[in-house]
Amino acid sequence: MATMADVARSAGVSVATVSHVLNGTRPVLPHTRRAVLDAVEELGYTPNTLARSLVTSRTRTIGLAVSALSNPYFTEILQGVEAAALEHGYSLLIADPHDDPQHERKVVQLLHERRVEGMIVAPSARPRELLAYLGRHRVPAVFLDRLVDPPGNGGGPRFDQVCAQSTEPTARLVTHLAGLGHRRIGLVAGRPGLSTTAERITGYRHGLAAAGLPYDERLLVHGDSESAGAQRATAGLLAPGSRPTALVTANNAMTIGALRALRERGLSVPRDLALCCFDDFAWADLFSPRLTAIAQPSRDIGTRAVRVLLDRLAEPDRPARTERLPCAFVHRTSCGCPEEPRPPEAPSPSAREPEERNPS
């Protein structure tokens with residue numbers, strides 16, 4: 001097995017220079033760095049990361065605590081986090097807090113005890129113990145998807161945060177449905193206490209107001225951000241005589257639950273009830289009808305969270321910041337709009353008429 005000394009001899013540099021290149025502890029001239037990396041590749045040298053962390057007090061590891069990793073939205077965030085971490089020479093330790101405040105506190109402590117350099121966390125609805133632990137131990141952390149320092153809290157954020165916009169995109173779904181003639185528009189909202197839930201409820205009410213529609217509290221139910229809860233909540237909205245004519249679901253899991261409730265009652269989308277959803281997902285385009293949705297930049301959220309965390313590691317005392325990424329409105333047919341005609345495909349070269357040739 002190749003050693004650091006072997007790499008140094010092959011590259012024609014000192015062992016200290018090899019160490020500086022691999023650990024990033026001192027600037028090295030580009031051609032010297034290239035020679036060291038070429039020697040590492042040629043010899044198949046694998047650094048002893050454990051020994052290196054003992055010497056440098058750096059593990060080059062990021063902790064990621066995100067619930068519901070089976071959810072496609074969080075899976076895409078994970079892909080963004082992993083790609084950005086690897087790009088910057090970091091590995092990941094991943095834990096699922098299960099959206100439980102007590103378990104959340106435990107897994108964050110376990111990640112901290114494994115000497116991660118920083119953490120990326122999607123906080124629960126009651127993150128008080130989490131915030132106390134991170135603050136007490138001065139753990140560099142970035143919160144993603146859910147805010148712990150919402151706007152209007154009387155001061156700047158205490159923690160770095162990265163999330164998508166929620167209020168305006170939800171309002172757009174409501175105004176779109178209102179523009180199609182709907183006057184009773186329901187919302188299946190997420191778990192109370194989450195910033196995403198609060199913001200999407202605010203967007204729902206803004207959308208109603210913009211369309212000149214009254215807010216009716218009977219049309220707002222909570223699906224607790226998961227499929228089974230949304231199925232029960234939607235069933236409660238479907239009483240004869242008072243049910244909405246259109247529905248907005250506030251995340252992809254709740255969309256599935258709402259569709260199950262509608263199917264159980266023999267209701268068809270959009271014939272009996274129009275549907276728009278927050279969160280686009282890979283198979284939304286395969287449903288019949290195809291789902292009109294708000295698409296969050298989930299992979300970009302993960303990528304951005306890593307970059308914000310690395311900025312925090314480089315400048316521990318800089319002011320905390322909140323970054324919001326824009327969403328996209330994906331117009332399909334579950335809202336009741338007709339299928340948009342697809343542009344005709346250009347014929348392939350082999351199918352074209354032979355070109356006329358000028359006589360020679």
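Let's start with how H8 passes H9: the crossing is right-handed, the term for a near helix turned clockwise from the far one by less than a right angle. The helix names come from DSSP runs, H or I of at least four residues for helices and E of at least two for strands, numbered from the N terminus.

Before going on, a word on what we are looking at. This is a predicted model, where local features need pLDDT of at least 70 and side-chain atom pairs count only at pLDDT 80 or more, while totals for chains, interfaces and linings use all residues. Residues are numbered from 1 along each chain as its sequence is written, and side-chain values use heavy atoms, with hydrogens and water left out.

Back to our pair. H8 covers residues 167–179 and H9 covers 195–210; they pack at about 40°, with axes 7 Å apart. That makes H8 oblique to H9. Axes here are lines fitted to C-alpha atoms, for helices over the stretch in contact, with angles from 0 to 180 degrees between N-to-C directions. Oblique is what remains once angles under 35 degrees are roughly parallel, over 145 roughly antiparallel and 65 to 115 roughly perpendicular.

Who meets whom? On the H8 side, look for Thr 167, Thr 170, Ala 171, Val 174 and Thr 175; their partners in H9 include Glu 199, Arg 200, Tyr 204 and Leu 208. Contact means heavy atoms within 4.5 Å.

Now please turn to helix H1, residues 4–11. With H3, residues 30–43, H1 packs at about 120°, the axes 9 Å apart, so this pair is oblique too. Their crossing is right-handed. Asp 6, Val 7, Ser 10 and Ala 11 are the H1 residues here, and among those they meet in H3 are Ala 35, Val 36 and Leu 43.

H1 has another partner, H2 (residues 15–23), at about 105° with axes 8 Å apart. That makes H1 roughly perpendicular to H2. From H1 come Met 4, Ala 5, Val 7 and Ala 8, and from H2 come Val 15, Val 18, Ser 19 and Leu 22.

One last stop: Ser 124, in the loop between strand E3 (118–121) and helix H7 (128–137). Is Ser 124 buried or exposed? Its relative accessibility is 5%, so Ser 124 counts as buried (under 20% relative accessible area; exposed is over 50%, partly exposed in between, with a 1.4 Å probe and protein chains only). The Ser 124 side chain reaches the backbone nitrogen of Arg 126 at 3.3 Å. Leaving out residues up to four places away in sequence, Ser 124 touches Asp 99, Pro 101, Glu 104, Arg 146 and Leu 194.

Technical notes. Polar contact = N/O pair within 3.5 Å; in protein donor to acceptor, adjacent residues only side chain to side chain.
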